[in-house]
Amino acid sequence: MVKNSYKTSFSLGEKVGAVALLLAFLLFFVSPALAILPLVVFLILCLGAPFFPGLSFFLPVISRGKNESRKVAVTFDDGPSPESTPVLLDLLERHNLQATFFVVGEKAVQYPDLIQSILDKGHTLGNHSRNHDSFLMLRSHKRLCYDIYSTQEILKNFGVKPLVFRPPVGITGSRLKKVLAEIGLVTVNFSCRAYDRGNRNINNLAGKILSNLHPGDVIMLHDLPPSRKDMMAYWQEELDILFEALQTGYTVVPLEQLIERPVMQFL
């Protein structure tokens, strides 16, 4: 495994934890009952922080670029899928847009032709775990390391090495920093989404994105078919509207250009 990525510095969570311990120690001499308060606050922060995709609490998280210009980037999670990936590739080509696909390892094995099509169309790949376990951050260090590293190995068969990882559902955890440092990845989440629940709720998809969009945003969409087959045409229309509007009011750039660091390298 490659080691580098994160500098050997303390995370925000580690710093807050140290302050909490110090306060608990000092408060103990005032009132033992009060000493528990900073520890409780720290525990609450640890439980809540993973659910904020842009919060660098346990480790550095990149979730957006600079807001100095009207640049945004488009990303897709959870693919590839034979029902949705070809549609997305056609739409992106029609609008002349480049995107980053954060793919699931087991799906890459199942649909190698789709992974190759993504690369052939000039898009980039990110690591989105092996099987999209929503509770991955609660697993052991060994399990977490295997899940992410094995996905790297799967994608290596396509002649590429992703340099970015997006955890399932955007949820981070205390073990992730060490694992990514061992593998050589950085966390890239998102700052704008439609809360579509994996394309189970696509009503006004374009409007939801556009109403919450700001310069520098990393947009997260899903490479999954709508939960209802009769909504497929509507989903495509919403994406068409979205991509057209993005080109009108913003400059859509590759993710690596927005965050100013490479997201994938060819082997």
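This is a predicted model: local features need pLDDT of at least 70, side-chain atom pairs count only at pLDDT 80 or more; totals for chains, interfaces and linings use all residues.
Residues are numbered from 1 along each chain as its sequence is written, and side-chain values use heavy atoms, without hydrogens and water.

**Salt bridges**

A salt bridge here is a side-chain nitrogen of Lys or Arg within 4 Å of a carboxyl oxygen of Asp or Glu. The count comes to 11. Among them are these pairs:

| Pair | N to O distance |
|---|---|
| K121 and E93 | 3.0 Å |
| R64 and D217 | 2.5 Å |
| E14 and K177 | 3.9 Å |

E14 lies in helix α1 and K177 in helix α7, so this pair ties together parts that are 163 residues apart in sequence. Helices (H or I, at least four residues) and strands (E, at least two) are DSSP runs, numbered from the N terminus. E14 is partly exposed at 40%, whereas K177 is buried at 14%. R64 is partly exposed at 31%; D217 is buried at 2%. D133, R139 and R143 are linked in a salt-bridge network.

**Helix α5**

Helix α5 spans residues 112-120, and its buried residues are L114, I115, I118 and L119. They fall within an arc of 140 degrees seen down the helix axis, so they line one face. The arc is taken from the directions from the helix axis to the C-beta atoms. Exposed D113 and D120 sit on the face turned away from the buried side. G122 follows α5 and has a positive phi, near 90 degrees.

Conventions
Buried means under 20% relative accessible area, exposed over 50%, partly exposed in between (1.4 Å probe, protein chains only).
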